[in-house]
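Have the structure open as you read.

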Amino acid sequence: MKKIIVASTVSLALFSQFAAANAIRGEVAAESNRTGPHLGILKGGYEFDTDYGQFGFDVEAKSRLGGRPYGENQHESGLHEATFAADYTYKFGNAYVQPRVEYTRNVANDANTGKFALKGGYNFDNGIFVAARYRYEGTQNNNSINKAELGDVKTNRTDLTAGWAGDIVGVSFNYIHKDANAEHKNNNLKINELETKVFLTNLGSYQPYVQYTQKNFDSSGYNSSPLKDDSQIKLGVSMKF
């Protein structure tokens, strides 16, 4: 964990030399999963203006902090997963469109995932904001158990977001729907989630937040049977300098 913190701090410092045109962005968070491991999250990146919009780049690391032990098909590892991402935001007044690409190396599950997303949104002058995103995810499972049971997995994910940001506090709601098709399964995995987030807006470059996610409501597994309810609590601070 200390190595990840040092690496992220150094990365932020290096990014600042190239991102003077706009801003360094980052995040520190802790995530508690009711039926899974607890994770620490560190993210660093930068963004800068161009002639046509704004380019951004992120590096994110998740480290296991405890919680439910890993299963037999997972590797015990301090680094749970790492994600490298880039996005480009086109702004049209209060509206924007943002394509984004990501690559995630999940060390615990020995899996590689490529993600391609397109997001659009609108920020009203009174603090209300709305957004919608579609993301395609292609996952290659490399460990023997998941490779045999699932094979490669293709996921279509949709996010619908609405919220309000005031002078002191803000709140947002994000509905998530995932439809996953596994190579060795006849039926699709269908998952619904709802993220509720409360954040502070009066601390300048820092935005502390708490987020609660209700998972697996009205959801079904690859065998079409209902999934058990699950939940997640996340505490963090987003930063932009």
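This is a predicted model, so take a look at Tyr46 to begin with: it is buried, at a relative accessible area of 16%. That falls under the 20% cut-off for buried.

Tyr46 with Phe57 is a tilted one, 6.4 Å from centre to centre with 45 degrees between the planes. Tyr46 belongs to strand β2 (residues 37-49) and Phe57 to strand β3 (residues 54-67), so this pair ties together parts that are eleven residues apart in sequence. The two also belong to a cluster, in which ring pairs link Tyr46, Phe48, Phe55 and Phe57.

Now hop over to Tyr175 and Phe217. Their ring centres are 6.5 Å apart and the planes sit at 50 degrees, so this pair is tilted. Tyr175 is in strand β9 (residues 169-182), while Phe217 is in the loop between β11 (206-215) and β12 (230-240), so the contact ties together parts that are 42 residues apart in sequence. Tyr175 is partly exposed, at 31% relative accessible area, and Phe217 is partly exposed too, at 25%.

Last up, charges over rings:

| Charged residue | Ring | Distance from the ring centre |
|---|---|---|
| Arg64 | Tyr70 | 4.9 Å |
| Lys197 | Tyr209 | 4.4 Å |

In your viewer, look for Arg64 over the face of Tyr70 and Lys197 over the face of Tyr209.

Note on methods: Residues numbered from 1 in each chain as written. Predicted model: local features only at pLDDT ≥ 70, side-chain atom pairs only at ≥ 80, totals over all residues. Heavy atoms only, no water. Phe/Tyr/Trp six-rings, centres within 6.5 Å; stacked < 30°, edge-to-face > 60°. Helix = DSSP H or I, 4+ residues; strand = E, 2+ residues; numbered from the N terminus. Buried < 20%, exposed > 50% of the residue type's maximum accessible area, 1.4 Å probe, protein only. Lys NZ or Arg CZ within 6 Å of the ring centre and 35° of its normal.
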